[in-house]
Amino acid sequence: MSAETKKPGVYLCSGCGIGDAVPMAALEKVATREYKIPAERCKTHDYLCGEEGLAMIRADIESGEVNQAIIAACSPRVNVDKFRFDGTQVVRANLREQVIWMTEPGKDDTEMLAADYLRMALVEARKVGLPSRYEGESYSERILVVGGGLSGLTAAREAATMGYEVLLIESTSVLGGHSRRWSKRTPHLPPYREPQPNDMEELVAAVKGESRIKVCLNTRVTKTSGAPTDFTVELTQEDGAVTEERVGAIIMATGWRPYDASKLGHLGYGISPDVVTSVQFEEMLATGAPKRRSDGNAPKTVAFLQCAGSRDDDHLPYCSSVCCSASLKQAIQIREADPSTSVYIVYEEMRTPGVAEEFFRAAQAAGVIFIKGKVKGVTAQDGLTVKVDDELLREEVPLAGLDMVVLATGMVPNAVLPVDDDGEPLPECDINPMSPIPVAGYAGEQPEAPTGQPCVTYKGAPILNLQYRQGPHVPILADGFSDSHFICFPYETRRTGIYTCGPVRRPMDMAESAEDATGAALKAIQAVRAISQGRALHPRSGDLSFPKINLNACTKCRRCTVECPFGAIDETEEGYPIVNPTRCRRCGTCMGACPVRTISFDNYTVDMMTSMIKAVEVPDEEEEKPRVLILACQNDAYPALDMAGIARTPLSPYVRTLPVRCLGSVSLLCVSDALSSGYDGVMLMGCKSGDDYQCHFVRGSAMAQERMMKVGETLQSMMLEKERVETFEIAIADAKNLPDIIGKFMETIDSVGPNPFKGM
Amino acid sequence: MTKPLPQTAARKYDLGFAQWVYDNIEGGDRISLCMQCGMCSGSCPIGDQMDNGPRKTFMMIRAGMKEEVLSSSTIWNCTQCYNCTVRCPRQIKVTAVLQSLASVAVAEGYAPQKPTLKFSKAFWRSVSWFGKTDERIVTAIYYFSYGLMEGFRLAMANLPIASRMVKAGRMGLLLPHRTKAAGDLRAIVAEAEKIQNRKRAGS
Amino acid sequence: MSAAVEAAETGYDVVLLEAGVSLGGRVAQLNRYFPKLCHPACGLEINYQRIRNNPKIKVLTQTRPVEVSGSRGAYKVTVETTPRYVNARCTACGDCAKAATTQVKNAFNYGMDTVPAAYLPHPMAFPMRYVVSPEVIGTPEAEAIKSACKYGAVDLDEKPQTFDLHVAAVIWATGWSPYNAEKLESYGYGQIANVITNVEMERLAADTGPTQGRILRPSDGQEAKRVALIQCAGSRDLNHLPYCSRICCLASLKHAAYVREQYADSQVDIYYIDIRAHDKLESFYKKVKADPQVRFVKSKVASITEGDGGKPVLHGEDTLAREIYDRDYDLVVLAVGMEPTGGLPVANSMTDDYGFVVPHGDDGAIYSAGVASGPLDVSMSVQSATAAALKAIQAARGGATA
């Protein structure tokens, strides 16, 4: 829709008290006189979202008079369904929540604020384009599942059941992973008290019998190039044979491996063949009653040592989650097989969350003895002896005469392929889970920051070997697990169309892994479906716009390729950026990064933003009405401002808020244009960045903050004070704090004085 | 049928004693379910007077500490308020277990320590006089068994416990009523003693 | 919401039933999430927007299913709506609230404060629509509320309605209620003002809560600086909830952080049986534990009495020190467990003994998600909702049963 074919209609709502607080005629004049909207296409209604109001708009659209509706009423966050007119672009001006609900009615300042928001909407309508979807050449809807264990098999079966073709890759010669070798599984069905039959054989058979699933054993992915719905994966078999396959989405279900027991000498591993890991013990159970490796006799006394390597700063800092239940299961199995066997579980915290508490009780009822304490050492005296600092008896106890000791070893995620070769690069890990918790202060001396290794890095090769500008790995967190770091959206990795599930993401048991894999299968299906329709994935689900780059103006600075939180932009050999639109999540961080405005979306451009900023009427210095621009993240800061309005919190009428997709999409040019057009200050409101980030585009707000650290240079070149621009981390829940935050900034601006660019 | 009490174990966590307790003590079958939360000892109006308290006693049973358990004051000190039994999240009959252990201790010749013995004598005297236990009578007899002045001293020192017992509804402030059929009770007690003695002779 | 959004974004039509007045459930009432201490409102906003922007989702609030019949691919769900007395004409302008004179208990804040009898359920309510409390229906006040509305949105004659929906599959995502703390007799909840529950603590710490986010003693509004958090208040207890509610340990660690964030000289004691900071959440435990003003006491508190000045006094045994204590605090928070929402029209064969809807091995298409399926945290609930969405759309597609 070009400017010539646009037929904007302006619809002003005087309801909800807007008409009482602001003279509607003045607003109409803004539209008709300043912006030359024909009077017959500028209408005021006292109940625009009511049936009559909506019918009025619909009539104009149906008559062909209007193909763009500018609604100056309530917040764009509400009445989305009512103000949806298929095929018609809707632009909203927020006169209710952010004008009349936070300023004094009838004042000039309130009217000016409302008029400015209308102007911004009118300019937005002029500048905004109707996005045309991205068209790929063809779309693959096939799903690649990497890993043939419980998670991978489940994901493959569930996707195939939905009718999707699946390519399942397994690096070993058999399907089923670790869990296929388990004698029994921990209970996940009521009454949750008995070890349950291992149904892995059935799952393996179901996958083998499914015609939509192609299984490749002894195979690794050696290269992944392309983008969602058009990935090309290079598969290398053990014998060196290389093939290529095309897939649409990827599920990474590479699972886990037991922690290297050779590092557990302090728990007796290696001192006797009868000190074994829980995995080794499980293998014994699977082949019949456990026998001592030393003499082949059935053990009469067995001790399980929990947290063998887990929750240990020298080994794995996290809790491996499944080991408590796994030991309970093994202990119950031993007692069932021979009730005269003495079985001990030495633990520090018994972690059987949820209904697994039932299983804990079942083990207790089965006569398993639980000893809470730290293991001080394991020796091969008097059979085997475990020295325990028994915290409940409050004495050091030698647990002597043991026939076997089982170490409940932890889970190490297969986020990388382990390599022996020292020359392999370490993957870059981010997101440190040990970032400190904020406290008001300490009564005494400030303690040292919590110890423990902040980052577990495993030497290893990438699993998918992504041919992305941003590296071959699916991002790995500092605790060694793969993305995601979201609580609300656990499937959202930073590599679009690639989903991780099962223990590669978080330590989890079989039941949870199966559920996680089912969810991942849905996400993969959703991805190929949405993308083949040109629609964006979470969080801007359904958005058709995507970044377009004008290479003629590109300076090859590479900022866009570096900053994209999703690795969507690659580089040509000459150093030009190439956008992979199907990897893109539409945050606009590339647009904000570009110093020369070469990147734009059909409906979101730097030009649109700066034009909207400039649409605001900046009063002369003499009027002593400062203007402050707020660039507010659409998801958090902008709703926070709405919340302040809903609570009728008075805020300064001198601020003008422009919602942005993500603070990452804000170009320095928006800031410099605002200042050169006379705004006295600029507040940038984004989400929390850092290890506990809340940015839905992961790095958007962090990138904006980095960029704004350099704003000083811009300000200096304009001979302006650095205080005029400030970045804030604002959550929706900060609504209450906004008056204070904005009030303080206004004071700062007052003390710095008016912008000398005013009126120029 | 009661099995003989196992020999004192040579090492900690020998399960012989624990198993014996599970099999032979009233309520013993649920001791293995104890999760060491401390609800019992914490609910006990005289928890701070017990050497181990029920929770630790259960741990000691599982650790095979026969001597320590049977010679502890805990099994004698129970005032039978049943707070522990009612509140135990694992529904262990704590009161019954302690009581049964005490009777085992007597049968096995674990003479209670001097103060405990005095306490239990006082307990019995209260029963035989009033047909029921009354904490005030029991403690009064118990304290004054040490002599008049010492009795006052002990009583004053234990005032906080007394007040807690009153709060727990385990101790009234008025003189106890005699059980209506105190005579019948004495007959029942005598019969019970006979049965117990027969049992012991049989084991 | 997660299941609805995921199914709809995969291209399927969804009817989302909510028994309450707003979407968002318990999450909307949380102040922060563990372990990131981020605000649930943030993800809630995203999901609200995803629903607003997706015409495939039809939301019906104050609606609950009363009967489910039929089979995989063809269920008939009979639903019942309760009146809101405010219809879709509502603009959320708030004039009705100004006309209300009666104050009613604010359910959003667990009754810790009041709202006018015409109220917005909470600032982020979805739908953004007021409610008239049934308490004033039939009074002149209701008429006043009605006439205050310029848009004819107040409909005092609304009646409960029953109608049928025809769907291919059903997902129970009916969540939980906090365990009734009054059943924990020895803890004095309801009698001792300064003994509150963990869900109330969330509201106390929230800016939209009764104290505007300040952690104050309910008895006198004084700052609560000495705070005890009591784990397994009802959970892991055969007399109450036999299972572990999973989230309470982590939630209490978070509550310790709330207190420590507000008061430099605060002391928080956490009374626990086992700290179940499972999997990666261990790091959160470690971080909180590193604070010398947060103490961990391995003890199930036996009882709470009221001491001088309204101070709750805790009685119990510190099991590691083998010590009987009587300690007083400004505020005691009971970490009550999660009880699955009862009264669902599901066959007994579909639930376990506790009332969680579990896999039941028939060839139907009735699934559960989130805490309806077991005691789960937020992330696990989203996982289970996403999985349930796939199982449900498999039935809608007529795919093979699995």
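## Model and numbering

This is a predicted model: local features need pLDDT of at least 70, side-chain atom pairs count only at pLDDT 80 or more, and totals for chains, interfaces and linings use all residues. Residues are numbered from 1 along each chain as its sequence is written, while chains are lettered from A and ligands numbered from 1 in the order in which they are written.

## Chain A overall

Chain A holds 19 helices and 35 strands. Helices (H or I, at least four residues) and strands (E, at least two) are DSSP runs, numbered from the N terminus. Its C-alpha atoms fill a box of roughly 100 × 65 × 55 Å along the principal axes.

Of the 760 residues in chain A, 58% are buried. Buried means that 20 or more other C-beta atoms lie within 10 Å of the residue's own, with C-beta atoms placed from the backbone. Two residues are in contact if their C-beta atoms, placed from the backbone, lie within 7 Å. Among chain A contacts between residues at least 6 apart in sequence, 71% join residues at least 24 apart.

## Interfaces with chain C

Chain A puts 86 residues in contact with 78 residues of chain C. The elements of chain A that give two or more residues to this side are α6 (150-161), α10 (357-365), α11 (510-532) and α15 (637-646). α11(A) provides the largest share, 11 residues. By class, this side of chain A has 47 nonpolar, 19 polar and 20 charged residues. Ala, Val, Leu, Ile, Met, Phe, Trp, Tyr, Cys and Pro count as nonpolar, Asp, Glu, Lys and Arg as charged, and the others, Gly among them, as polar.

Chain B also touches chain C, with 17 residues in contact with 17. On the chain B side, α2 (39-43) and α3 (53-62) give two or more residues each. The largest share, 4 residues, comes from α2(B). This side of chain B divides into 4 nonpolar, 8 polar and 5 charged residues.

## Helices of chain A

In α5(A), 16 of the 20 residues are buried, so this helix is largely enclosed by the rest of the structure.

α10(A) also packs against α9(A) (residues 323-337). Their axes come within 10 Å and cross at roughly 35 degrees. Axes are lines fitted to C-alpha atoms, for helices over the stretch in contact, and angles run from 0 to 180 degrees between N-to-C directions. A:Ser325, A:Leu328, A:Ala331 and A:Ile332 of α9(A) meet A:Phe359, A:Phe360, A:Ala362 and A:Ala363 of α10(A). This contact has 7 nonpolar, 1 polar and no charged residues.

## Strand β34 of chain A

All 6 of the 6 residues of β34(A) (681-686) are buried, so the strand is largely enclosed by the rest of the structure. A:Gly681, A:Met683 and A:Met685 point one way, and A:Val682, A:Leu684 and A:Gly686 the other way.

β34(A) pairs in the parallel sense with β32(A) (628-633) over 5 bridges. Two strands pair if DSSP finds at least two bridges between them. β34(A) also pairs in the parallel sense with β35(A) (725-729), over 5 bridges. A:Met683 takes part in both pairings: A:Ile630 stands opposite A:Met683, and A:Glu726 in β35(A) is its bridge partner.

How values were computed
Buried ≥ 20, exposed ≤ 12 C-beta atoms within 10 Å, placed from the backbone.
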